[in-house]
Amino acid sequence: MKRKNILFIVFAAGMFIINSCENELPRQASFSSYEFTGLDADAGTWKPILLANSTQIDVEVPSDVSSPAYQAELAALKSTASNLSGSQRDAVEYWTNNPIVRWNEIALEIAVKYNLIPGPNPDGTYTLPNPATPEGPPPFPFAHPPYTCRLLAYLSVAQFDGLITAWHYKYVYNRPSPSTVDASIPSAYVKNDLPSYPSDGAVIAAVSKDILTAMFPLEKDYIAKKAEEHLNSLIWAGANVPSDIEAGKFIGSEVTKIALARAAADGMKKAQTPKAQSDSIKSAAFARFGWQWDNLETPVRPVGLVPFFGKVKMWNVPTVEEVRPIAPPAPGTPEFEVNAKELKDYSKNLTENQRKIANWWSDGFNTYTPPGHWNRFAKNFIIQYKFNPIRSARTFAYMNMAIMDAGISCWDAKYYYHYPRPIQTIPGFKTILGTPNFPSYTSGHSTFSAAAASVLSYIFPNETNQCNAWAEEAAMSRVYGGIHYRFDAEVGLDQGKKVAKYTVDKAKLDGAD
Amino acid sequence: MKKYLLSGLSALAFFASFTLAAQTPSDAIMMKKNEACFALIYDHGAWDHYWEGADLRVNGNVGTLTRVTVMPMLAYGITNNLNLLVGTPYVKTHASGGQMAGVHGFQDLSLSLKYRFVNKDFDNGKLEAFVTTAFSTPMTNYLSDYLPFSLGLGTNEFTLRGIIQYKLKNGFYVRAAAAYLWRGQTEVERDYYYNNGSYYTTFMDVPNALNYHGAIGVRLLENNLKLEATYVGLNSTSGDDIRRYNSAQPTNKVEFNQVGFSAQYYFKKPLKGLGLLAYYSQMISGRNMGQFSNIGAGATYQVQLKNKKS
């Protein structure tokens, strides 16, 4: 009896210890509809990125709120919005009045899903993803950092241009929101005076659907389902009548065509070079510098990751050469040896905090990559500072252009210098992070991070110290992880800042400040 | 009386935390009151194939993964029918391929109580039944999210196990055990991970699991030699699969079936109290883990701490 009691107490205590340590596991940013810090009524005058101006896309005059057509839409909306099901209410709550945030999360999640490197075939060869046969195997795309930074740039630039267009027509046509026209219509979101036609939510849904579908063809159905729910939620929330939404969808679809036309011709198609071309890039570097990076995987990957990503069209930097960093120290020189010794020291005596930093920033396969990490920071600031959708889109657009330009510049340096990784130059060297399939100099993490930090510091000046600290930590994380030399990281930070200055200078002139 | 100490640690596996702690609590050996048994086991586990989901594959950048475990253990008879067991393994991992660094250190501390609630003699043998509870918790701040090198799952684990054994007078016996393993969460060093969707947190749910043991054995040479054939199975009750050509993570649904053989010898005077054991085991099927072969050897020393006749 007594012994049974002991066992019971042990059992209860064990269960208590297991259960009391359970933490909530959030799947998305937790926020609700909020009051925007401002509506940016003049945003229709801001300079777009791809469009010549906010009237390039012609949006027709809406029917008047007193017209029978509008009144019929309003009556239908009123009936729907007053009788929502549980799942409709959930959708309204999920999408909020700043759906830019949700589409950014969706984009990152899909990018993570596709961020898996193709493994070897049984005969030791590798098959690369092919956009012509996206099912694979391996499936298209491999959403590595260059792929992800590019998709995020096109997504947010198209969202931004679409919203500038929408804002222009909103204040030209000045159609009030449904709940302004009829005060008895419930409005799920915090009420404001933003005109309702064309629907900004519909612009965001249409752009996001088309860009993401182009980037992730196998996710077509999933993305379409998300977009449909988003568009319906605009009605369920009482935010827009169908004609507001149709006009928004039209803008979205027009601006996406322009964005995807740029994407089709930006050089990305040629970035993953064939082996012969890759070999000649390597031998050119060896002839120039006397060193070359080699892939050390088993079996060896015949081509590094996107050797010609450095030739992709930049957003805001005229030529990639003008931001190319100076050459790294040659292996064997005293300066190199100092850097190599630092790595060996870390590999022997890494502190727990350094290990944690290396892993915190690892952002490798099966993650949203460093560009995604910075999108997450931007998202959190956008919510914290209660940005409206167009300010949010502007933040992502400029940040992601700078990140992509930084990536292009970084890849230019990587394949111009073709510098070997620490595992290649230091005999027997072991690391706690996997060494990526591209040359060492400069560090992608550092370049991406410095560029992102520059744009976020410009948009959120109070966060400058935090952003710079993050960028420096991201840079050093690769040194702690044993996959980059300190000079890769430090020069990469400097390079990222230089690249981002072009974007920040452009942003300062777009009319939003 | 009988001095059957530890049965073979046949299930030392990819995630050694449960198996190491579980093996002794899953056998049918009891210390008498105030008897103590010290054990030191050396285990060498290795695999060159692993299951990615259900697909058995190789990875040239891992080559052969070796996992060496040294396990000190103590069993103590609180009463003839209630035993306390304590153990903590020291683990070292290493890969023959690639450039990833292995790790080493103490894994989890486990504490178990084993209670015998049936001990009934029959004409031709004896029936025994036990219930054990075990609790284990990480001894050090090792990183669970560093598979396949991780020392363990990095989480608290609570086990409830039932064991039944029938022993014939001619020395043969059969034993079966079943357990449920409740696992908590493990804290990792990244605050985003993918588990069929996004998770924005540093915590990962480690799946609970069902664990089965079966054994057929015989005692020979006046009870001084024990030979045993074993089966161990483990099934996670939830979890995701390792993604294509990607690392494993603690959220994975781990399963395996393993067979093994062990031998234990107990010395007579003047070495009375000393025992030696050796074992071999092999995984025959699995999911989301390495196909381990384990070979191990150990020594045990049993001693009466006070009042010999209770």
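Q: Where does A:Thr442 sit?
A: In chain A, A:Thr442 is in the loop between helix H15 (422-425) and helix H16 (444-459). Keep in mind that this is a predicted model.

Q: And which way is the peptide bond from A:Tyr441 to A:Thr442, cis or trans?
A: That bond is cis, with omega near 0°.

Q: OK, what about the bond that joins A:Phe140 and A:Pro141?
A: A:Phe140 and A:Pro141 are joined by a cis peptide bond too, with omega about -5°. A:Pro141 belongs to the loop between H4 and H5 of chain A.

Q: Where is B:Asn196, and is it buried or exposed?
A: B:Asn196 lies in the loop between strand E13 (193-194) and strand E14 (198-199) of chain B. It counts as exposed because it has 11 C-beta neighbours inside 10 Å, and the cut-off for exposed is 12 or fewer.

Q: What's phi at B:Asn223?
A: Near 75°, a positive value in a residue other than glycine. B:Asn223 is in the loop between strand E16 (209-220) and strand E17 (225-236) of chain B.

Q: Why is B:Asn223 called partly exposed?
A: Because B:Asn223 has 13 other C-beta atoms within 10 Å. Exposed would take 12 or fewer, and buried 20 or more.

Q: Back to chain A. Is A:Thr96 buried or exposed?
A: A:Thr96 is buried, because 23 other C-beta atoms lie within 10 Å. Its place is in the loop between helix H3 (86-95) and H4 of chain A.

Q: Leaving out residues up to four places away in sequence, what does A:Thr96 touch?
A: A:Phe31, A:Ser32 and A:Ser33.

Q: And how far off is A:Tyr416?
A: The C-alpha atoms of A:Thr96 and A:Tyr416 are 46 Å from each other, and the two residues are 320 residues apart along the chain.

Q: You mentioned H4. How many residues of H4(A) are buried?
A: 14 of the 15 residues in H4(A) are buried, which leaves the helix mostly covered. From first C-alpha to last, H4(A) reaches 21 Å, close to the 21 Å expected at 1.5 Å a residue.

Q: Now the domains. What does the assignment give for chain A?
A: Domain 1 (43-47 + 74-264) and domain 2 (273-507). The centres of these two domains of chain A, taken over C-alpha atoms, are separated by 29 Å.

Q: How do H5(A) and H14(A) cross?
A: H14(A) covers residues 389-417, and its axis comes within 7 Å of the axis of H5(A), crossing at roughly 145°. The crossing is left-handed.

Q: Which residues meet there?
A: Among them are A:Phe160, A:Leu163 and A:Trp167 in H5(A), and A:Met404, A:Gly407 and A:Trp411 in H14(A). By class, the contact of the two helices has 18 nonpolar, 4 polar and 2 charged residues.

Q: Last topic: how many residues do chains A and B give to their contact?
A: 42 residues from chain A and 34 residues from chain B. Helix H1 (2-20), helix H4 (99-113) and helix H12 (352-360) of chain A each give two or more residues to the chain A side. The largest share of that side, 8 residues, comes from H1(A).

Q: And the classes on the side of chain A that touches chain B?
A: Those residues divide into 20 nonpolar, 13 polar and 9 charged.

How values were computed. Residues are numbered from 1 along each chain as its sequence is written. Chains are lettered from A and ligands numbered from 1 in the order in which they are written. This is a predicted model: local features need pLDDT of at least 70, side-chain atom pairs count only at pLDDT 80 or more; totals for chains, interfaces and linings use all residues. Two residues are in contact if their C-beta atoms, placed from the backbone, lie within 7 Å. Helices (H or I, at least four residues) and strands (E, at least two) are DSSP runs, numbered from the N terminus. Ala, Val, Leu, Ile, Met, Phe, Trp, Tyr, Cys and Pro count as nonpolar, Asp, Glu, Lys and Arg as charged, and the others, Gly among them, as polar. Domain bounds come from an automatic or database domain assignment. The expected span of a helix is 1.5 Å times one less than its number of residues. Axes are lines fitted to C-alpha atoms, for helices over the stretch in contact, and angles run from 0 to 180 degrees between N-to-C directions. A crossing is left-handed if the near helix is turned anticlockwise from the far one by less than a right angle, and right-handed if clockwise.
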